[in-house]
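Hello,

Please open it and keep it beside you as you read.

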Amino acid sequence: MKVLITGAAGFIGMHTAIRLLERGDEVVGVDNINDYYDVKLKQDRLERLKPYKNFRFIKLDIADRPVMEELFAKEKFQRVVNLAAQPGVRYSLKNPHAYISSNIVGLMNMPAVPAFMAPTPICRFPCTRMWITRSVCMPPRKSPVS
């Protein structure tokens, strides 16, 4: 399966990539490598992914719509794990546009691709199908009205 992981240089992104790579998936990781926290930490995480032949990294900002449209048209991803986000509550007061750009515009730039369906080992819930959103693993939603 060909999977896009946004926020691949983050802690959760790197570990998600490793899990998918080890099960044999092809993974394309993207990250803007901003300097909100130590860039060396992000580079070190990407170094851990380099040995995998089925991994490629592309430095880009998911808020850049033309670049994202081109990426999706070229790569034909089967699944997307969107982990890219601007963290830090206090920082949002200083730079609210960073949050809008990454967390809202970036999400809107994701074309309609099926949500990532993960097997139980990634998640703590006792069922076979999960979806991952940001850093939270959640069971499929049930309709409040049957």
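Which side chain does Glu 26 meet in a salt bridge? The partner is Lys 2, with 4.0 Å from N to O. A salt bridge here is a side-chain nitrogen of Lys or Arg within 4 Å of a carboxyl oxygen of Asp or Glu. Glu 26 lies in strand 2 and Lys 2 in strand 1, so the pair ties together parts that are 24 residues apart in sequence.

Before the rest, a word on the ground rules. This is a predicted model, in which local features need pLDDT of at least 70 and side-chain atom pairs count only at pLDDT 80 or more, while totals for chains, interfaces and linings use all residues. Residues are numbered from 1 along each chain as its sequence is written, and side-chain values use heavy atoms, with hydrogens and water left out.

Now the overall layout. The chain has 5 helices and 7 strands; these are DSSP runs numbered from the N terminus, with helices being H or I of at least four residues and strands being E of at least two. Read from the N terminus, the order of elements is β-α-β-α-β-α-β-α-α-β-β-β. Of the 146 residues, 38% count as buried, where buried means under 20% relative accessible area, exposed means over 50%, and partly exposed falls in between (1.4 Å probe, protein chains only). As for contacts (heavy atoms within 4.5 Å), take those in the chain with a separation of 6 or more: 64% of them come from residues 24 or more positions apart.

Four strands form an open sheet in the order 3-2-1-4, with parallel pairing; two strands pair if DSSP finds at least two bridges between them. Strand 3 (55-59) and strand 4 (79-82) are at the edges with a single partner strand each, so one side of each has no neighbour in the sheet. From one strand to the next, the twist averages 20 degrees, taken from axes that are lines fitted to C-alpha atoms, with angles running from 0 to 180 degrees between N-to-C directions.

Going through the pairs:

- Strand 1 (residues 2-6) is joined to strand 4 by 4 bridges, and Ile 5 stands opposite Val 81 there.
- Strand 1 and strand 2 pair over 5 bridges in the parallel sense, with Val 27 of strand 2 as the bridge partner of Val 3. The path between these strands passes through helix 1 (residues 11-22), and this β-α-β crossover is right-handed.
- Strand 2 and strand 3 also pair in the parallel sense over 5 bridges, and Phe 57 in strand 3 is the bridge partner of Gly 29. With helix 2 (residues 39-49) they make a right-handed β-α-β unit.

Right-handed means that, with the strands pointing away from the viewer, the path from the first strand over the helix to the second runs clockwise. Strand 2 (residues 26-31) is mostly covered, with 5 of its 6 residues buried.

Back to the charges: the count comes to 7 salt bridges. Lys 2 has another partner in Glu 75, with the closest N and O atoms 2.5 Å apart. That pair links strand 1 to helix 3 (residues 65-75) across 73 residues, and both Lys 2 and Glu 75 are buried. Glu 26, by contrast, is partly exposed, at 33% relative accessible area. Lys 2, Glu 26, Arg 56 and Glu 75 are linked in a network of salt bridges. Elsewhere, Lys 50 forms a salt bridge with Glu 47 at 2.9 Å between the closest N and O atoms. Lys 50 is exposed at 58% relative accessible area, and Glu 47 is partly exposed at 44%.

What does Leu 49 contact, leaving aside its neighbours within four places in sequence? The list is Ala 8, Met 14, Ala 17, Ile 18, Leu 21 and Phe 55. Leu 49 is found in helix 2 and counts as buried, at 0% relative accessibility.

Lastly, helix 5 (residues 96-108). Its 13 residues should span 18 Å at 1.5 Å a residue, and the end C-alpha atoms are 17 Å apart, which agrees; the expected span is 1.5 Å times one less than the number of residues. The buried residues of helix 5 are Ala 98, Tyr 99, Ser 102, Asn 103 and Gly 106, and they pack against helix 4 (89-94).

Best wishes
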